[in-house]
Every structure is written in C-alpha cells, then in structure tokens.
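Welcome, and thank you for coming along on this tour. Keep your viewer open and your selection tool ready, and we will go from stop to stop together.

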Amino acid sequence: MTPARAGQERAEVIRLARPDVGEAELAAVAEVLASGQLTMGPWVGRFEQALAEAVGTADAVAVSSGTAALHLAMLALGIGEGDEVIVPAYTFPATANAVELCGGRAVLVDVDPETFLVRPELVAEAVTPRTRAVLAVHLFGRPVEWEELQTAVPQDVSLVEDAAGALGAKYRGTPCGALGLMACLSFHPRKIVTTGEGGAVTTDDAELAASLRRLRHHGIADAVPADIPAPGLNYRLADVLCALGVPQLERLESLLGARERVAGWYEERLEHAVGVPRASDGDRHGWQAYVVTLDRRDEALSGLREDGIEAQIGTYAVNTLAAYRDRGSFPGADSAFARALALPFATTMTEDEVDRVATALLRFA
C-alpha cells in the first residue's frame, strides 16, 4: 500500500448528501412529540402554507412521498386505461411508474444529453389524440424550457411539473412548482428541504386541491356524515415530519444560497475538464444535485468510492428498464445514463471537501 493510498483510506468519507437540520428542527419535532398528536395535526397545515408561499401557488397538499405526489396528480386528472402521458426517457422511474399504476401509458420522449431535459420538439411529435398530459421533469433542479414546452402541445393537454428536485428553482423569474396545472415535489433527504420521506402537490386549482386531499385520506369527503364518493389511499404526511420541514422552508433562500456557493466551487475546478451543470440564461437552478458528464463515468464512479468519496449515477434511462424496453430507442437518454455522475453535494460542504472530490475526479477526465 502506498503512503498516498493509506492516507486516503484514513480520510473521512465524504457523503453523497447530508440534510441541513439542527436545533430549530429538533425543537419543532420535540413540540409535536410533547403534544401527543403525531399525525393529522396543525403542523401539516403550517407546512403546506409555508410551501405554497415559497412556490407562489394558492395551495399545497402534503403527502407521504414524491412518488405519492405523482400518483395522486395522475389520479386527480383521471388518468386511466387508454390515456397517454408523455414522460422524459431520462428520469427517476417513479415519473413513469405513476402513469402506469393509474392504468395509463407512459410515452417516453428523448432528452438533451447535456441538459438532461426533455426536448420540446420531440414532445410535439409524440402527441396523439390519446395524450392527456405531459410530466415535465426539472431534472436535478434545472428548469425545463417551459415556454417551448407550452407551444409544443395542444391547450387541452395538461402540463404537470415533476419538480421533485426543483424547490427554489425559477424559470424566467417564476418559481418551479407554479408553472404547470400541478407540480409534484419531494422531500427525500437528498433534496434541499427534507422531511425524511415526504412530498407535496402544488396547484392554483381549488377543485384539484380538494380532490388531492380526499385521495390522500382514503377518499374521505369533508362532509357530515363522512362519506367516500370514490376510493382513495393513505398518502398522508405525519405532523412530526412536517415539523421537521417547516424550519427549513423558512430558510429556503439561505439553503439555496449555500448550494449555489458549493456549485460555484465545483465549477471553478471542473468546467474545463468535464461537463458541468448550469441553468439557461434568465433561470435559477435549484441545485438538488451536482451532476457532471464525462466519458469515463464508470471508472470515475469506482475510483471515487475507493477514495472514500460517495458518488452515484445521475439517474435512469427508463427505456433500459424491463418494464419499459418496448417504448423505443432514445439515444439522448442512453448517453446521459452512460455519462452522468452525481458528486457529493450538500449545503454543509466545505471548500476543502470540494477540492478533494475535484482532485479525485480529474484523474478520469
């Protein structure tokens, strides 16, 4: 063993992600625990109000995960057998799964392998008389080219944002989460705001919001006596988890600022050697993850892990998964899948840690 390798093995592991939680979150959770009301209490409403204000929508409906948000959004639209929903071919599989679990068909459309975003001109080509909606993914926090997407589809096709990683991002000044008929968010620990597990649907449509609330609570209507007009699910988000998220939403701007600082450190060190992420001019990136592209991705992934640096693939080319292999050929998604690498990224990262990651990565650039 060389001295350099021995020193690397003794170095502390740099984690892929680390939630930014502290005393405020502990105090809020302690308040819920002391109350004895761990679910269906006041913190759900507080969390929803804070989220709606952060995004700029009339309503937000908290649910148990980002996947639950996608599923309920499709159910609220009435997606079912014979319906088609356009989905990017490069995304986390939950986006497509939510459509299929409603009985619809996820129609995959290719992406730009550099931006990772769906190509609006290909969306236009994929529209058929059966198309009911487009699930537009702001992947890793980069806003979709929304105006181009709007012009690509007929007005009767609903545009729904998969904004799982885009809380805080903005398209031409408008927050992601307020662009579409509905938007689906995630609060997984790799997101800028976390509740451990959790999600939400934001919307300006009061009828959709009411439908989402029924669907997340077994389908129970707000009436006396209680009734279930149509079956629903238990997709509620517990008070104790909402309490974890409220203090983070209150400092969303500072959390995003910290991620922008870390992203800047990475760009300074890597922009001339690998493909680095950016938002389009006039947009603000949400920085859910820092995902670069390079030809020797698999070698880099193994090498970083050997050096005690957690890294991961970007996400999936959905067309390579067994459930979706019959959907066609998608060279952009295949390229992104083969070349994208997620580096350690958190608000709490130090410049020394970024130096260590960059130095290790540049061996494979």
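Select strand 10 and strand 12 (residues 340-343): the two run antiparallel and are joined by four bridges. To see a bridge pair, pick Val291, whose partner in strand 12 is Ala342. Bear in mind as you look around that this is a predicted model.

You have an open sheet of three strands, paired antiparallel in the order 10-12-11. Which strands stand at the edges? They are strand 10 (290-293) and strand 11 (312-313); each has a single partner strand, so one side of each has no neighbour in the sheet.

Next, bring in the helices that lie across these strands. Helix 10, residues 252-270, lies across strand 10 and strand 12, and runs at about 15 degrees to strand 10. Helix 11, residues 297-306, lies across strand 11 and strand 12, at about 20 degrees to strand 12.

Time to move to a pair of helices. Two packed helices are described by the angle between their axes and the distance between the axes. Select helix 3 (residues 42-55) and helix 9 (residues 239-250): their axes come within 8 Å and cross at roughly 35 degrees. This crossing is left-handed. To show the contact, display Pro42, Trp43, Val44, Arg46, Phe47, Ala50 and Leu51 on helix 3, then Asp239, Cys242, Ala243, Gly245, Val246 and Leu249 on helix 9. If you colour the contact by class, you will find ten nonpolar residues, one polar and two charged.

Is Cys184 buried or exposed? With a relative accessible area of 1%, Cys184 counts as buried, because the cut-off for that is under 20%. Leaving aside residues up to four places away in sequence, Cys184 touches Ala69, Leu70, Ala73, Val160, Glu161, Asp162, Ala163, Ala164 and Ala200.

For the last stop, colour the chain by pLDDT. The mean is 96, and 97% of the residues reach 70 or more. Then select residues 1-8, where the pLDDT is below 50; beyond near neighbours in sequence, this stretch has six contacts in the model. Where pLDDT is low, the predicted coordinates should not be read in detail.

Technical notes. Residues numbered from 1 in each chain as written. Predicted model: local features only at pLDDT ≥ 70, side-chain atom pairs only at ≥ 80, totals over all residues. Heavy atoms only, no water. Axes fitted to C-alpha atoms, helices over the stretch in contact; angles between N-to-C directions. Left-handed = near helix turned anticlockwise from the far one by under 90°. Contact = heavy atoms within 4.5 Å. Nonpolar A, V, L, I, M, F, W, Y, C, P; charged D, E, K, R; others polar. pLDDT = per-residue confidence, 0-100. Pairing = 2+ DSSP bridges. Buried < 20%, exposed > 50% of the residue type's maximum accessible area, 1.4 Å probe, protein only.
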